[in-house]
Amino acid sequence: MHSAPALVLFDIDGTLVRRAGPHHRQALVDAVRRVTGLETSTEHIPVHGMLDPDILTRMLRGAGASPDAIRRAMPEIVRRAQQIYVRSVPNLQRKTCPGVRSLLRRLQQRGVVLALVTGNLTRIGWKKLDRAGLKPYFRFGAFGEMAKDRAGLARLAIRHARAQAWIERGTPIALVGDAPSDIVAAQRNGIRAIAVHTGISSRNDLLAYAPDLLLEDLRGLTLERIVRP
């Protein structure tokens with residue numbers, strides 16, 4: 001098997017899909033209520049760039065749950081949240097960010113390995129992409145419950161691609177995202193950080209973290225720009 005020309009890791013919210021509606025947040029709220037009986041909210045939580053388990057932890061702390069209670073309830077909350085979301089998410093075909101479909105199609109045609117690195121829980125992330133019509137482009141993913149932070153998720157994704165012999169040690173790797181946490185995750189793994197200004201972070205917010213490349217949206221991205229040293 002020949003090694004791919006590159007591995008490109010993508011965030012979901014604000015990078016591939018935006019304005020997907022309240023269904024994701026509501027699934028977290030409903031899952032907490034069903035498992036613990038607590039009324040919670042994501043209001044006043046800076047969810048942008050956060051992992052779902054961290055958002056749930058903040059929600060539970062805000063409702064007065066103890067660390068032990070959070071730890072005991074979390075596995076079932078995570079399970080329920082995914083179950084609720086996949087039953088409620090609407091069609092997201094018109095919610096993709098500019099340039100996404102054409103970029104993914106071009107990269108796939110050139111043999112690039114495409115994967116997800118996202119704070120979404122596994123079933124939520126895959127269902128979101130399925131409803132947006134983007135799922136077939138992605139070979140695998142690292143999701144919110146799989147590591148403690150986004151850098152850890154990127155590390156898992158890279159290790160998996162290497163273990164499958166889809167890429168070699170010298171294969172170019174990039175992480176594309178719309179949040180400072182995506183840039184930091186790329187930098188901590190020594191891979192190319194590509195920031196896209198289609199989420200809620202301002203251009204200056206992203207520039208402050210010194211990404212290798214900052215784009216208004218994905219319409220101007222090519223494989224050559226992704227792998228350029």
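Guide: Welcome! In this predicted model, let us start with Arg131, which touches Val89, Pro90, Asn91, Leu92 and Gln93, leaving aside residues up to four places away in sequence.

Visitor: Where is the place of Arg131?

Guide: Arg131 sits in helix α5, which covers residues 122-132. Arg131 and Lys95 are 36 residues apart in sequence, yet 9.6 Å separates their C-alpha atoms.

Visitor: Why does Arg131 count as partly exposed?

Guide: The partly exposed class lies between the cut-offs of under 20% for buried and over 50% for exposed. Arg131 has 29% relative accessibility, so it falls in that class.

Visitor: What is the relative accessible area of Leu156, and what does Leu156 touch?

Guide: Leu156 has a relative accessible area of 35%, so it is partly exposed. This leucine belongs to helix α6, residues 150-163. Not counting residues up to four places away in sequence, Leu156 touches Met146 and Ala147.

Visitor: How do I read the buried residues of a helix, and which are they in α2?

Guide: The general idea is that an α-helix has 3.6 residues a turn, so residues three or four places apart point the same way. In helix α2 (residues 52-62), the buried residues are Asp52, Pro53, Ile55, Leu56, Thr57, Met59 and Leu60.

Visitor: What do the buried residues of α2 pack against?

Guide: They pack against α1 (23-36), α3 (67-88) and α5, and α5 is the helix that holds Arg131.

Visitor: Which residue with a positive phi follows α2?

Guide: That is Gly64, with a phi near 95°.

Terms used:
Residues are numbered from 1 along each chain as its sequence is written. This is a predicted model: local features need pLDDT of at least 70, side-chain atom pairs count only at pLDDT 80 or more; totals for chains, interfaces and linings use all residues. Side-chain values use heavy atoms; hydrogens and water are left out. Helices (H or I, at least four residues) and strands (E, at least two) are DSSP runs, numbered from the N terminus. Buried means under 20% relative accessible area, exposed over 50%, partly exposed in between (1.4 Å probe, protein chains only). Contact means heavy atoms within 4.5 Å.
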